[in-house]
Amino acid sequence: MPDGTTVTVDDLVAWVHRFSEVIDEHADELTQLDSAIGDADHGTNMRRGCRAAVDALAAAEPADVTGFGRAIAMKVISTVGGASGPLYGSFFLALGTTGGSAPSMDATETVAALKAGVAAIRSRGKAEPGDKTMLDALLPAIAAMEGSLEDGGSLADALQAGTDAAEEGMRATIPMLARKGRASYLGERSIGHQDPGATSSWLLLRSASETLAA
Ligand SMILES: Nc1ncnc2c1ncn2[C@@H]1O[C@H](COP(=O)(O)OP(=O)(O)OP(=O)(O)O)[C@@H](O)[C@H]1O
Ligand SMILES: [Mg+2]
């Protein structure tokens with residue numbers, strides 16, 4: 001059970017289980033968003049990826065944070081075609097590497113691991129802030145979590161601040177012009193639609209705040 005200050009591997013596994021449930025609930029909405037500016041598969045991709053991640057964790061029974069990240073990444077990258085699979089796969093791999101061989105992380109280590117995950121998405125996808133991607137939800141979330149900890153916030157405070165910032169960042173993608181992925185082919189016509197990946201990233205943060213420091 002989460003004790004509110006330390007994130008264990010069991011908490012991380014609970015996060016992925018919760019994320020998978022939330023993705024199931026929002027799959028149609030994600031696909032609808034992707035049908036406006038993409039190829040209508042984001043809900044399906046995320047569902048497939050989350051199920052693969054849950055199965056991989058059950059098979060691997062990771063003992064430390066690195067093992068957790070590695071188990072998910074290998075399976076998700078190979079299971080999900082499309083841009084989002086390798087990007088989320090890189091996120092979990094880097095999160096695990098930074099979390100290290102310890103069985104748990106404190107608040108500062110947890111935010112550092114999340115930050116490394118987001119940096120991996122950025123270096124793999126080569127997107128910049130404002131390109132209308134998942135990074136437009138994730139980068140503000142990391143900044144908000146760091147700010148919250150600097151202000152003396154708890155892990156729960158930081159994750160809540162991160163979730164709120166991700167939601168705001170997700171909404172801020174609506175007026176943006178897409179510069180990455182299939183949505184960029186639409187040019188000006190991508191304006192006025194919320195980015196599907198930014199939406200799943202907000203759900204990722206929301207699931208984290210429900211499970212990691214509950
Ligand atoms: N280079 C990138 N960097 C960061 N995020 C990206 C990048 N390319 C796409 N994305 C994110 O992936 C989401 C689309 O994921 P999806 O599962 O639909 O894969 P896809 O259909 O192959 O993607 P796309 O059509 O964007 O190439 C986008 O909404 C965007 O947030
Ligand atoms: Mg798509």
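What follows is a short exchange on the fold, the helix pairs and the ligand shell.

Modeller: This is a predicted model, in which local features need pLDDT of at least 70 and side-chain atom pairs count only at pLDDT 80 or more, while totals for chains, interfaces and linings use all residues. Residues are numbered from 1 along each chain as its sequence is written, and chains are lettered from A and ligands numbered from 1 in the order in which they are written.

Colleague: What makes up the secondary structure of the protein?

Modeller: There are 8 helices and 2 strands. Helices are DSSP runs of H or I with at least four residues, strands are runs of E with at least two, and numbering starts at the N terminus. The order from the N terminus is β-α-α-α-α-β-α-α-α-α.

Colleague: How do you know that the radius of gyration agrees with a compact globule?

Modeller: The rule is 2.2 Å times the number of residues to the power 0.38, and the radius is taken over C-alpha atoms. For 214 residues a compact globule would come near 17 Å; the protein has 16 Å, so the two agree. Along the principal axes, the C-alpha atoms fill a box of roughly 45 × 40 × 30 Å.

Colleague: Why are α1 and α8 called roughly antiparallel?

Modeller: The axes of α1 (residues 9–37) and α8 cross at roughly 150 degrees and come within 8 Å. Axes are lines fitted to C-alpha atoms, for helices over the stretch in contact, and angles run from 0 to 180 degrees between N-to-C directions. Angles under 35 degrees count as roughly parallel, over 145 as roughly antiparallel, 65 to 115 as roughly perpendicular and the rest as oblique. The pair α1 and α8 is therefore roughly antiparallel.

Colleague: What makes α4 oblique to α5?

Modeller: Helix α4 (residues 84–99) and helix α5 (residues 107–125) pack at about 140 degrees, with axes 7 Å apart. That angle makes α4 oblique to α5. The contact includes F91 and L95 of α4 and A116 and A120 of α5. Contact requires C-beta atoms, placed from the backbone, within 7 Å. By class, this contact has 15 nonpolar, 5 polar and 2 charged residues. Ala, Val, Leu, Ile, Met, Phe, Trp, Tyr, Cys and Pro count as nonpolar, Asp, Glu, Lys and Arg as charged, and the others, Gly among them, as polar.

Colleague: Why is α3 called roughly antiparallel to α4?

Modeller: Helix α3 (residues 65–79) packs on α4 at about 165 degrees, with the axes 7 Å apart. That makes α3 roughly antiparallel to α4. The crossing of α3 and α4 is left-handed. Among the residues that meet are I72 and V76 in α3 and F92 and L93 in α4.

Colleague: Which residues come nearest to ligand 1?

Modeller: G82, G125, G181, R182 and G197 do, out of 25 residues around ligand 1. A residue counts as near if its C-beta atom, placed from the backbone, lies within 6 Å. The shell around ligand 1 divides into 9 nonpolar, 9 polar and 7 charged residues. α8 gives the most, with 3 residues.

How values were computed: Contact = placed C-beta atoms within 7 Å. Left-handed = near helix turned anticlockwise from the far one by under 90°.
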